[in-house]
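Me: Please take a close look at one part of this model, the cavity search. After that, go on to the pockets and the backbone around them, and explain each term as you use it.

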Amino acid sequence: MDLRNKTLCASGFHAPERGKIDILDEVLIDIGADGAIAAMHRPSDPNYRTIREAREEGGELVTLPVGSYLLPGFIDLHVHAPQYPQLGSALDVPLEVWLQKYTFPLEARYEDLALAKRSYGLLVDDLLANGTTTALYFATVHQDATRSLADICLEKGQRALIGKVAMDNADECPDYYRDASPDEAIEGTRALIEYINNHPDNVEKKVLPVITPRFVPSCTDATLEGLGALAKECGCHVQTHCSESDWAHGYVLSRYGVTDTEALDRFGLLGRRTVLAHANFLTDGCMDKVCEREAAVAHCPLSNVYFANAVFPLKAALDKGMHVGLGTDISGGPSASMLENCRGAILMSRALESGVDPKRDAEARASYGPAQIDFRDAFYIATAGGGVALDLPIGQFKPGYFFDAIVIDTKAPKGSVRLFDEFDSGEQILQKIINTASKPNIATAWVGGTNLRLP
C-alpha cells in the first residue's frame, strides 16, 4: 500500500547517529503527499493515543503485523550496473587483469540497447528485492544504454544516482571501449545530466545525474580538468574509484607524484557530494583531506577481499568523522545483498584488528590496532551513513526525510531469522536481523512513501 497521506504504525529500528540504535515501538509515522515524513509520534508522547484513534477512525492508519520490523531502506553507494551479468565470475585474477580481460569487453557490449535494458531491468529488480531503495550507479560510456538505466529506475521506483562513465586514456583503456576524446567524455556527461534533469517522469528528482570519471588511470588530464569544471558548474554528485589496489594506487603516485586523493582535489573533483569507492590506501593525510572537503567513502568489504590487496580501516575513518557508506561493488563484490555486505564489513574489521597470519604470535599478528566494528556501525553505514554521504535526506526516520523504508518479516517461511521471545528483545532483534536475515525476509519496500512492487 502507498503511504502518502497515511500514517504507519510500526516497530523497528534506525541509527540516526553512529553507534546509537533508536528503537521504535509502535511509533506513528505521518507521511505527507510529497513522500516525506511529516511527523512522528511515540507512545510516550501525551497525545499519542488521541492521534492514533483519530487516524484509525479516518481510515488513515496502516499497521505492520507482529513480527515485522521497519528499517530504513538500504543505500548502496557503489554499483557497476553493466557488470551484473558477470556477478560471481572472474574473481581469481588481479584487478588490472579483471578489467582488461573480462570487464571492459562486457561493458563494451552495452552498445546493444536490448542487452542493456534486459540486464538493467534484472539488476534493479534484484536490488529492490534485497532492500536497496537507493543505489549509486556507474554505467558505461554509452549514452543510450545509460539513459535506459535512468528510465528503468524511474519506472520501477528506485531512488538512483547514475553516471555515464568517462574514460578516454588510450594508454589504459582499450580502443574498442573508451571515449574518443576529452570533449566526448565531458559533453557526453553533460548530455546525460540534461537528460536526467529534464526527464518528464523525474519531477520528484528520484533519479540524479553523477559525474563519473572511472578512476584516474582511465582519464586524461584534460578530461579530469573538464569534469572538475563541470562539477563546479552544475553542483552534481561526483563518483570515482580512489586508491583501490596496489596497482591503482601506485599508478597515480607514478603519474603525478601524489595520491589519488590529492590528484582528485587538484582537479576539483573532491567535494561535499563526492563519493570515493574503496579508498583502502588512504594515508592519514588523505583521510584528513577527505574530511576537510566533506567527501565520502563507499566501503566495499566483499570486493576488497578479492581485488583491493588491503582492508579499508573503517573504524579509523569513522572515528575521524569521515562520511562513510556501504557498497556492494557489483560485480567486484559477488553479492547484491547489503545485508551480506554488512556482515562482510564486520568480518573484515575483525580480521584487520586480530591479524590473519597464524605463524605470528597474537601480539605480532594484531599489528594494526583497534579496528573492530559491530552490527551498529554496519547498520549505520548501510542506512544513515549512506544518506549523509550523498547529502540527501534519506536513511533515517526523521521529519523532513523521505520515507524510504523496508519491512523485515522475521516470520517469513523461507526466511533465515529465528527470534525467541524469551531471549530476543530490543537491539538483540536488530543484531539478529543484520547477522542472519536474507532476501526472503524482505517483505515490503517504499521510496518516498510509494510502495514498490518487489519481484
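Reply: **The cavity search**

A search of the whole structure finds one cavity of 30 Å³ or more. On a 1 Å grid over the protein atoms alone, a cavity is a set of points where a 1.4 Å probe fits but cannot get out, while a pocket is an open set with protein on both sides within 12 Å along at least five of seven lines; lining residues have an atom within 4 Å of a point. The model is predicted, with local features needing pLDDT of at least 70 and side-chain atom pairs pLDDT 80 or more, while totals for chains, interfaces and linings use all residues. Residues are numbered from 1 along each chain as its sequence is written, and side-chain values use heavy atoms, with hydrogens and water left out.

The largest cavity has a volume of about 100 Å³. Such a volume is the space filled by probe spheres set on the grid points, which are joined across faces, edges and corners. Its lining consists of His80, Gln83, Leu95, Trp98, Leu99, Arg214, Phe215, His241, Glu244, His278, Asp329 and Gly332. Helix α2 (residues 95–108) gives the most to this lining, with three residues. Helices (H or I, at least four residues) and strands (E, at least two) are DSSP runs, numbered from the N terminus. By class, the lining of the largest cavity divides into four nonpolar, five polar and three charged residues. Here Ala, Val, Leu, Ile, Met, Phe, Trp, Tyr, Cys and Pro count as nonpolar, Asp, Glu, Lys and Arg as charged, and the others, Gly among them, as polar.

Asp329 and Gly332 both belong to the cavity lining, and between them in the numbering comes a cis peptide bond that joins Ile330 and Ser331, with omega about 5°. Ser331 lies in the loop between β14 (323–326) and α12. In β14, His323 and Gly325 point one way, Val324 and Leu326 point the other way, and all are buried. Buried means under 20% relative accessible area, exposed over 50%, and partly exposed in between (1.4 Å probe, protein chains only). In a regular strand the side chains alternate between the two faces of the sheet. β14 runs parallel to β13 (296–299), and four bridges join them. Two strands pair if DSSP finds at least two bridges between them. The loop between α9 (284–293) and β13 holds Glu294, whose phi is positive, near 60°, in a residue other than glycine. Glu294 is partly exposed, at 43% relative accessible area.

α12 gives the most, with three residues. The volume of this pocket is about 230 Å³. Among its lining residues are Val311, Met348, Ala351, Arg360 and Tyr368. Its lining has seven nonpolar, two polar and three charged residues.

The second largest pocket has a volume of about 180 Å³. β1 gives the most to its lining, with three residues, and β1 and β5 (68–72) each supply at least two. The lining includes Cys9, Glu26, Arg52, Pro65 and Tyr69. By class, it has six nonpolar, four polar and two charged residues.

Arg52, from that lining, is also one of the buried residues of helix α1 (residues 48–57), along with Tyr48, Ile51 and Arg55. They are on the same side of α1 because they cover an arc of only 100° around the axis. The arc is that of the directions from the helix axis to the C-beta atoms. An α-helix has 3.6 residues a turn, so residues three or four places apart point the same way. The face of α1 turned away from the buried side carries the exposed residues Thr50 and Glu57. What covers the buried residues includes β1 (6–17), β2 (20–31), β3 (37–41) and β4 (61–63), where contact means heavy atoms within 4.5 Å. Just after α1, Gly59 takes a positive phi of about 70°.

Two of these covering strands, β2 and β3, form a hairpin with five residues between them, and Gly35 in the turn has a positive phi of about 85°. β2 and β3 pair in the antiparallel sense over four bridges, and Leu28 stands opposite His41 in β3.
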